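Subject: Structure for you to look at, with notes

Dear colleague,

Please find below the structure that I promised to pass on. My notes on what was found in it follow directly after.

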Amino acid sequence: MPAPSHLDHFDLDIGLRDASCDENLPPVRRAIAALCIGVGVDDAYLSVRELREAVSLVHENAPGGRAKLAGILSTQCDDFQRAIYYCLAGRGVVEMAEAMDWLLTILKARGRTAAWLSRLRVRRKDLVSPYVSEAPDGPVVSASADFELGQSWFVERGPGPY
């Protein structure tokens, strides 16, 4: 059964594009949605999930949590996770976690849509990588697990509007 013509060349990034332009969303959520546009379906989801888990480990003061986060942020080949982290850094660990949970919901739906389209053999628009080079070209964070947590990890904030 052929797919309907409106599905030909489906854009998997449409949800991310919409979120990145939604004036009803906090700017930080729009920014992290925009950072995911063009990033591979599995890579984006798994990278954000790994980062979210590391942030949780640090927040819970779990053994190895800081080493895991430091390892992620100091990886020479991955600017994507650093970009997500530093977009959220300084906003408080709860807001950081909630924003990543929100993003993971979108990325999971994107992955399910990609799988559904693949099963139907519907052509998708090619994802256009947001990167112009194969490797990061700026300084990276130290891999030391002895890094100091900033004040934003400890600030008590009232319930947010989101």
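In this predicted model, helix 2 (residues 27-36) and helix 5 (residues 79-88) pack at an angle of about 175 degrees with their axes 10 Å apart, where axes are lines fitted to C-alpha atoms, for helices over the stretch in contact, and angles run from 0 to 180 degrees between N-to-C directions. The two helices, helix 2 and helix 5, are therefore roughly antiparallel to each other (angles under 35 degrees count as roughly parallel, over 145 as roughly antiparallel, 65 to 115 as roughly perpendicular and the rest as oblique). On the helix 2 side the contact involves V28, A31, I32, L35 and C36, which meet F80, A83, I84, C87 and L88 of helix 5; contact here means heavy atoms within 4.5 Å. The residues of this contact divide into 10 nonpolar, no polar and no charged, with Ala, Val, Leu, Ile, Met, Phe, Trp, Tyr, Cys and Pro counted as nonpolar, Asp, Glu, Lys and Arg as charged, and the others, Gly among them, as polar.

Helix 5 also packs against helix 4, and the axes of these two come within 8 Å and cross at roughly 115 degrees. From helix 4, L69, I72 and L73 meet Q81, R82, Y85 and Y86 in helix 5. The residues of the contact of helix 4 with helix 5 comprise five nonpolar, one polar and one charged.

The structure holds one aromatic pair. The rings of Y85 and Y86 have their centres 5.1 Å apart and their planes at 85 degrees, so the pair is edge-to-face (rings of Phe, Tyr and Trp, the last by its six-membered ring, pair if their centres lie within 6.5 Å, and planes under 30 degrees apart count as stacked, over 60 as edge-to-face and the rest as tilted). Y85 counts as buried at 8% relative accessibility, whereas Y86, at 43%, counts as partly exposed; buried means under 20% relative accessible area, exposed over 50%, and partly exposed in between, with a 1.4 Å probe and protein chains only.

Backbone angles come next. Most residues other than glycine have a negative phi. N61, in the loop between helix 3 (41-59) and helix 4 (65-73), has a phi near 55 degrees, a positive value in a residue other than glycine, and counts as exposed at 63% relative accessibility. R121, in the segment after helix 6 (93-119), has a positive phi of about 60 degrees although it is not a glycine, and counts as exposed at 77%.

V122 is also placed in the segment after helix 6, but V122 is buried, with a relative accessible area of 9%.

For the chain as a whole, the secondary structure comes to six helices and zero strands, both taken as DSSP runs numbered from the N terminus (helices H or I, at least four residues; strands E, at least two). Buried residues make up 36% of the 162 residues, and among contacts between residues at least 6 apart in sequence, 75% join residues at least 24 apart.

As to provenance, this is a predicted model in which local features need pLDDT of at least 70 and side-chain atom pairs count only at pLDDT 80 or more, while totals for chains, interfaces and linings use all residues. Residues are numbered from 1 along each chain as its sequence is written, and side-chain values use heavy atoms, with hydrogens and water left out.

Best regards
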